[in-house]
Amino acid sequence: MPAAPAPPRVPCTFAGMVEGARLTVPLLPGTLVFAAAVGATSAEKGLTLGQAVFMSLSVYAGASQLLGLQLWPQVFSLSAIAAIVVVTMAVNLRFLLMGASLQPWLSRGPAGPVHVGLAALTDANFVVASRYHAQGGQDAGVFIGAGLFMWVIWTLATIPGHALGHLLTDPKRFAIDMVMPLTFTAMSVGLFRLRRDRLAWPVAAGVAVVTAQLADGYWFIVTGALAGSLAAGVLRERA
């Protein structure tokens, strides 16, 4: 029996990276304000500007970065460090699912650039790249360019936030916490390919709401993401 032909390789071009950066423009307002809030929270916790910028550059994980700062103790202990690690890891578990969903596409691209792009994986470039690929795009440079561009923007936007201090420490005060979820939701609508896909979203939302009522902390993010992913997988198998 002849072996099945290898799947075609996908390109990774500089033009694709520029296009990826361009596609993130609608997400910039929310990203700028959210990163500024992280910078302001860093100042409130006593971090210097250099420390705040280095955190954004090296960690680059919006929600868990802000959460880690909110858990930042005045005196570090093993239990305090363990709490920050466990909670931020739980929030970031969603990146496992995002990376797995991108694997069929990105595994056919050049390994070096793709791994650099995966180091910059966030909700923003995941939505941008998934939408681009769902519309027939194949250039892995779009995913990489979107991630690297947002990485630079996120790091630089920490600076004015740190300077503004306490004005942005509470994103809910100006409804800033709703800016990025609403933008992501609007951009994700185009990813629906089947009517059954839409059922995964209410499943994820329902499980997250129930979990939030039963358990403290941020477990609702993990359970909601897992329930939605499992529902999408089951429904897609039957399609």
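Q: Where does Ala157 lie, and why is Ala157 called buried or exposed?
A: Ala157 belongs to helix α9; helices are DSSP runs (H or I, at least four residues), strands are runs of E of at least two, and both are numbered from the N terminus. The relative accessibility of Ala157 is 6%. Buried means under 20% relative accessible area, exposed over 50% and partly exposed in between, with a 1.4 Å probe and protein chains only. Ala157 therefore counts as buried. The C-alpha atoms of Ala157 and Val33 are separated by 7.7 Å, although the two residues are 124 apart along the chain.

Q: What kind of model is this, and which confidence limits apply?
A: The model is predicted: local features require pLDDT of at least 70 and side-chain atom pairs pLDDT 80 or more, whereas totals for chains, interfaces and linings use all residues. Residues are numbered from 1 along each chain as its sequence is written, and side-chain values use heavy atoms, leaving out hydrogens and water.

Q: What makes up the fold of the protein chain?
A: The protein chain has 12 helices and 0 strands. Of its 239 residues, 40% are buried.

Q: How do you know that Arg22 forms a salt bridge with Glu19?
A: The closest N and O atoms of Arg22 and Glu19 are 2.7 Å apart. A salt bridge is a side-chain nitrogen of Lys or Arg within 4 Å of a carboxyl oxygen of Asp or Glu, so the pair qualifies. A search of the whole structure finds 1 salt bridge. Both residues lie in helix α1 (residues 14-23), 3 residues apart, about one turn of the helix. Arg22, at 49% relative accessibility, is partly exposed, and Glu19, at 29%, is partly exposed as well.

Q: Why is Glu44 called exposed?
A: Glu44 has a relative accessible area of 53% and is therefore exposed. Glu44 lies in helix α2 (residues 28-44).

Q: What makes Leu49, Val152, Leu156 and Ile159 a nonpolar patch?
A: Patches consist of residues with over 30% relative accessible area and no salt bridge; nonpolar side chains (Val, Leu, Ile, Met, Phe, Trp, Tyr) are joined within 5 Å and like charges within 9 Å. Leu49, at 37%, is partly exposed, and Leu49 lies in helix α3 (residues 49-58). Together the four residues have about 320 Å² of accessible area, by the Shrake-Rupley method with a 1.4 Å probe. Helix α9 (residues 141-164) supplies the largest share of the patch, 3 residues.

Q: Which residues line the second largest pocket, and which lie nearest its centre?
A: The lining has 14 residues, of which Met55, Gly68, Trp72, Ile84 and Thr88 lie nearest the centre. α5 gives the largest share, 5 residues. The lining divides into 9 nonpolar, 5 polar and no charged residues; Ala, Val, Leu, Ile, Met, Phe, Trp, Tyr, Cys and Pro count as nonpolar, Asp, Glu, Lys and Arg as charged, and the others, Gly among them, as polar.

Note on methods: 1 Å grid on protein atoms, 1.4 Å probe; cavity = no way out; pocket = protein on both sides within 12 Å on 5 of 7 lines; lining within 4 Å.
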